[in-house]
Amino acid sequence: MKKKSGKNKTTNQRSFYFEDYLETNKKSKNLKKNNNFEDRNYLLFFFFFSLITIFSIKIAYISLSQKEILGFNNQNSKFNLLRRDIVDRNGIIISRNINAYHAAVDPKLVRDKKNFLIKLRLIFPNLPIEEIRQKLKGKKYFRIKTRITQNEKQKLWSLGEKAIKFEPFQARMYTHGDLFSHVIGQVDYDNFGISGIEKYFDKELKSKNLKDTPLELTLDSNIQYIINKELSEAVKTFDASGAAALLMNVNNGDILSLVSLPNFNINQRKTITDKNYINKITKGVYELGSIFKTFTVALALERNIVRKDTVIENIPRKLKCSIHEITDMKEHPSNLSTEEILVRSSNVGSVILAQKIGEDVFKKFIKNTNLTKVPVIELEEVGAPHEIKWNKCKIETVSFGHGITTTPLQATTLYASLTNGGNLVTPSLIKERNKIETKKIISNETSKEISSILRQVVSSENGTASLADIDGYYVGGKTGTAESYGNNKQRINSFISVFPTKKPNYSLFVMLENPKLNKDLIYNYRGIKTKAPYNTSGWNSVYVAGKIIEKIGPILAINNKDFLNQYVVEKFN
Amino acid sequence: MFNAKLFFSLAVFTFFLIITSLVKNQSRIIEKQIKGLNINIIAKEKNISEAEMEFSYLSSPNKIEKKFNSRDLEKFEPIKHSNIFYYVDDFNTLEKKLSNLINIDEKKIRKK
């Protein structure tokens, strides 16, 4: 039965299974179509979404990472300075790179060579025209003028010559010309430092990470100018062959001014062979004379060999030591206190003190204070003092500054160290340098005593530096008149001062090379108008130092309230 | 005939195409503006740098002194620090001290 009914069903009507199959087939086809449509939509959506996302990311990237996109990065920027600025302690620009040009010629592009040369001669009459004519005959590209000014570029541009090419490069400009010549140094056309700070800090100045931060120096442009001006005038007044000055903060060794004359304009590249143009402060090695007596006295006081008021009796007029005969320039009383030995600058008195100190102690002191070592400062131009041979009579001559050489920088540093409480400072030209541990060379008490004796050298009647007694600044110091080491004809008149002596803040070194006696100059010597009797540092270097202190004093006082207040309080009490 | 789904797909495609082109164009315009601004910034930076240099040069003590001297003005002398008084009382005290000293000297002279 079942079979029959089944057979009937297949012949007369579609089977259930067939219909079902058809239905499901249709459904699946529809489903597939729907799925394809959705897939396409998804794909389209995904595709455009990706594109939009990419562009959105780009926009976001542009807006967020400004530095790279805006062209401030080193590679893209057209105004990308190759060297950092150098500024003084007040942020005044000393040197900066600028875009400049060299003018060159491609001979192949010159149509009318005669006409071209005539035009060139009209614009630049000083150009070596004959040399250019020869070069024009060849085919090689050559420079006609290096580092042209904007005005010169305009003139060349106006010629309308295709052959003239302007090669861009970065030139270093020094806004103060010759004012900092011995400190800053120079760079070559490829921006490599070749001297001074430019050479010493060549890597740091080119550092891309520090590009926006200038290199800050301890120097002060205004003080440097005043000192430079006073020294230049002194060179003329005393017909000196050269001069130098150094101003140092005694507490940290910061150099506020370093002047060495003759100087030169560092904006111009010239080969200088004359030795007189060296940096006299750091490279010049001199026998500074009586300036060393302060060290002898300080050592004697520190070792408790004598006290400030200890009287050395029966000081002879002359003293024979080996083949040398040691005498004093002036006649002094035969009994002198330790203080008076320094105030009156007695050679014989210093020798007696040195003999009491002993050679070993003296040697150790010189070694500890680095007086005869190569000076440490951020400059390549440093001189090496002569090695001392401690033979017979050496301690005697060294006690008053003969037979021993050093650089003015080291002598000033030691004066600063002796008067700042006895801490040996390291001189520096860089404002924010790493702190160096200082070592004690003398006690606070000795330091105070030395400062007060130095004050006496300036203020007392018998002192040798009265012309530096500038009212209100409590100047103290020591003079030194000596012959140049190994050259008896050369004379070195120097003076190292410290001020204010009650709490020393600054140390000023002034040196004149081969000064002459100025017979026309009238001094105001302790209220009396007089002419210079001798050609000693007391009558020239001290005079110059006094003039400098008088002018820089107010600037230093403005920058230092303690000093200002101290003075005002002192004056009215 | 009218295939709604195909039409919808095309509409979506066109919509996104327009949006994408808009976004792309906008980003290009912004990029161009940025480049233009960048050039301006560089030029201005250069000008500032040169102006700073000029300022540094023209305001250097040497230049200022020359400028000052070129004017026919009264010559100024630096005043000594010791002559500066911050308060009138301080000035009066010092003056009193000085007048006392002068009086003492005068008395001594009279006695002689």
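**View 1. Asn191(A) in the loop between helix 7 and helix 8 of chain A.** With 18 C-beta neighbours inside 10 Å, Asn191(A) counts as partly exposed, a class that falls between buried (20 or more other C-beta atoms within 10 Å of a residue's own) and exposed (12 or fewer), the C-beta atoms being placed from the backbone. Although Asn191(A) is not a glycine, its phi is positive, at about 65°. Most residues other than glycine have a negative phi, and most peptide bonds are trans. The structure is a predicted model, in which local features need pLDDT of at least 70 and side-chain atom pairs count only at pLDDT 80 or more, while totals for chains, interfaces and linings use all residues. Residues are numbered from 1 along each chain as its sequence is written, and chains are lettered from A and ligands numbered from 1 in the order in which they are written.

**View 2. Domain 1 and domain 2 of chain A.** By an automatic or database domain assignment, chain A is divided into domain 1 (86–217) and domain 2 (224–265 + 277–572), with C-alpha centres that lie 44 Å apart. In all, 15 residues of domain 1 of chain A are in contact with 17 residues of domain 2 of chain A, where contact requires C-beta atoms, placed from the backbone, to lie within 7 Å. On the side of domain 1 that touches domain 2, the elements giving two or more residues are helix 7 (181–184) and helix 8 (196–200) of chain A; helix 8 of chain A gives the most, with four residues. Helices (H or I, at least four residues) and strands (E, at least two) are DSSP runs, numbered from the N terminus. The residues on this side of domain 1 divide into six nonpolar, five polar and four charged; Ala, Val, Leu, Ile, Met, Phe, Trp, Tyr, Cys and Pro count as nonpolar, Asp, Glu, Lys and Arg as charged, and the others, Gly among them, as polar.

**View 3. The largest nonpolar core and the surroundings of Ile549(A).** A nonpolar core is a set of buried Ala, Val, Leu, Ile, Met, Phe, Trp, Tyr and Cys residues joined through C-beta atoms within 7 Å. The largest has 114 residues, and those with the most contacts inside it are Ala245(A), Ala468(A), Ile548(A) and Ile549(A). Helix 18 (residues 541–558) of chain A contributes the largest share of this core, nine residues, and the core draws at least three residues from each of domain 1 and domain 2 of chain A. Leaving aside neighbours within four places in sequence, Ile549(A) is in contact with Ala468(A), Ile470(A), Tyr473(A), Val475(A), Ser497(A), Phe499(A) and Leu508(A). A second, separate core of 11 residues includes Ala100(A), Tyr101(A), Phe116(A) and Ile144(A).

**View 4. Helix 16 (residues 408–419) of chain A.** This helix of 12 residues reaches 17 Å from its first C-alpha to its last, close to the 16 Å expected at 1.5 Å a residue, the expected span being 1.5 Å times one less than the number of residues. Because 12 of the 12 residues of helix 16 of chain A are buried, the helix is largely enclosed by the rest of the structure; among these buried residues are Pro408(A), Gln410(A), Tyr415(A) and Thr419(A). Just after helix 16 of chain A, Gly421(A) takes a positive phi of about 115°.

View 5. Asn514(A), in the loop between strand 16 and strand 17 (522–525) of chain A, has a positive phi of about 50° although it is not a glycine, and is partly exposed, with 17 other C-beta atoms within 10 Å.

**View 6. Phe48(A) beside Phe16(B) and Thr20(B).** Phe48(A) is found in helix 2 (residues 16–64) of chain A and, not counting residues up to four places away in sequence, touches Phe16(B) and Thr20(B). With 18 C-beta neighbours inside 10 Å, Phe48(A) counts as partly exposed. Chain B has three helices and zero strands, and buried residues make up 3% of its 112 residues.

Definitions and conventions. Two residues are in contact if their C-beta atoms, placed from the backbone, lie within 7 Å.
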